[in-house]
Amino acid sequence: MHGFCVEFFDDFMSFSFSYDSMRNFYGLMSLYSAGDMGKSASFTDKRALWLRKRGMDILSLRCVRQVHGKEIVDASSFFPGREPSADGLFCTDASLVCGVTVADCMPVWIFREDGTAWGIVHSGWKGTGIAGILADSLGDGKKVAVLGPSIRSCCYEVDTERAWSFAADFGEEAVVEREDGFYLDLAAANRSLLEERGLTVYTVDACTCCDMRFGSYRREGPDFTHMLALCGRA
Ligand SMILES: [Zn+2]
């Protein structure tokens with residue numbers, strides 16, 4: 001897509017923007033091949049090493065204790081080791097890197113086009129809507145969102161009750177009905193709630209469950225691979 005570029009490497013994927021105002025923003029996500037990055041606010045040696053290989057210091061990383069909720073916190077408001085419970089971060093300090101962990105849930109990046117603020121959320125079915133809260137908390141002005149890899153409607157089968165409540169909250173296009181049951185479309189749900197707010201939305205079109213490059217709770221089971229998704233400004 002014009003202005004937006006996704007690249008895959010050995011153990012991570014990244015995206016960047018080619019238009020001037022957005023050139024300094026970046027998004028990064030570890031892949032299955034990088035191994036388990038640990039729970040959201042765990043700071044393991046493996047995570048530190050993976051960050052160092054990308055030229056980043058783990059001391060600049062800000063994560064939260066993810067709870068599948070809809071809270072967003074300011075990345076500058078706490079120190080490592082004192083992570084609040086939340087599922088998203090907004091940031092105005094380019095010396096910090098914001099991170100969430102995912103494995104089927106969707107990382108959503110949002111950037112103000114004027115370069116002054118940005119953030120990332122962890123959005124599964126329960127937390128869907130948090131991307132809209134982040135968009136609102138970044139204030140007025142032009143904003144760009146990126147919907148990351150997640151379990152997609154090819155694989156995300158749910159029971160009838162969950163399907164109906166998801167459709168009631170996020171529109172019929174957020175649920176796909178097939179002969180064998182109902183499937184959630186997290187990308188459609190997030191795209192519509194962000195486009196409603198006037199954001200430009202780009203998508204990394206990939207299903208974590210059936211694309212083996214990614215970690216997936218549904219495919220791997222309890223010992224699933226947590227992937228780390230990062231957001232920052234160079
Ligand atoms: Zn799939």
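**From a loop to a covered strand**

A: His-68 counts as partly exposed because it has 13 C-beta neighbours inside 10 Å. The cut-offs are these: a residue is buried if 20 or more other C-beta atoms lie within 10 Å of its own, exposed if 12 or fewer, and partly exposed in between, with C-beta atoms placed from the backbone. The model is predicted, so local features need pLDDT of at least 70 and side-chain atom pairs count only at pLDDT 80 or more, while totals for chains, interfaces and linings use all residues. Residues are numbered from 1 along each chain as its sequence is written.

His-68 is in the loop between strand S4 (61–62) and strand S5 (72–74). Helices (H or I, at least four residues) and strands (E, at least two) are DSSP runs, numbered from the N terminus. The phi of His-68 is positive, about 60°, although His-68 is not a glycine.

Asp-104 is in the loop between strand S7 (97–102) and strand S8 (106–112). Asp-104 also has a positive phi without being a glycine, here near 105°. Asp-104 is buried, because 25 other C-beta atoms lie within 10 Å.

Now S8. Seven of the seven residues of S8 are buried, and the strand is mostly covered. In a regular strand the side chains alternate between the two faces of the sheet. Both faces of S8 are covered: Met-106, Val-108, Ile-110 and Arg-112 are buried on one side, and Pro-107, Trp-109 and Phe-111 are buried on the other.

S8 has two antiparallel partners to consider. Two strands pair if DSSP finds at least two bridges between them. S8 and strand S9 (118–123) are joined in the antiparallel sense by six bridges. In this pairing Phe-111 stands opposite Trp-118 in S9. The hairpin of S8 and S9 has five residues between the strands, and Gly-115 there takes a positive phi near 80°. With S10, S8 forms five bridges, again in the antiparallel sense. Val-108 stands opposite Leu-147 in S10.

Two residues are in contact if their C-beta atoms, placed from the backbone, lie within 7 Å. Leaving out residues up to four places away in sequence, Ile-110 touches Trp-118, Gly-119, Ala-131, Leu-134, Ala-135, Leu-138, Lys-143 and Ala-145. Ile-110, Ala-131 and Ala-145 are the residues with the most contacts inside the largest nonpolar core, which has 72 residues. A nonpolar core is a set of buried Ala, Val, Leu, Ile, Met, Phe, Trp, Tyr and Cys residues joined through C-beta atoms within 7 Å.

The buried residues of helix H2 (residues 130–137) are Ile-130, Ala-131, Gly-132, Leu-134 and Ala-135. They pack against S8, and also against S5, strand S6 (88–91), S9, strand S10 (143–147) and helix H4 (186–195). After H2 comes Gly-139, whose phi is positive, near 85°.

An open sheet of three strands has the order S11-S13-S12, with antiparallel pairing. Its edge strands are strand S11 (157–158) and strand S12 (175–178), each of which pairs on one side only. Two bridges join S11 to strand S13 (residues 181–184), and Glu-157 has Tyr-183 in S13 as its bridge partner. Helix H3 (residues 160–170) lies across S11, S12 and S13 and runs at about 45° to S13. For that angle, axes are lines fitted to C-alpha atoms, for helices over the stretch in contact, and angles run from 0 to 180 degrees between N-to-C directions.

Last, the setting of these parts. The chain has five helices and 15 strands. Its radius of gyration is 17 Å, close to the 17 Å that the globule rule gives for 234 residues, so the chain is as compact as a globular protein of that length. The radius is taken over C-alpha atoms, and the rule is 2.2 Å times the number of residues to the power 0.38. The C-alpha trace spans about 50 × 40 × 35 Å along its principal axes. Of the 234 residues, 47% count as buried. Among contacts between residues at least 6 apart in sequence, 59% join residues at least 24 apart.
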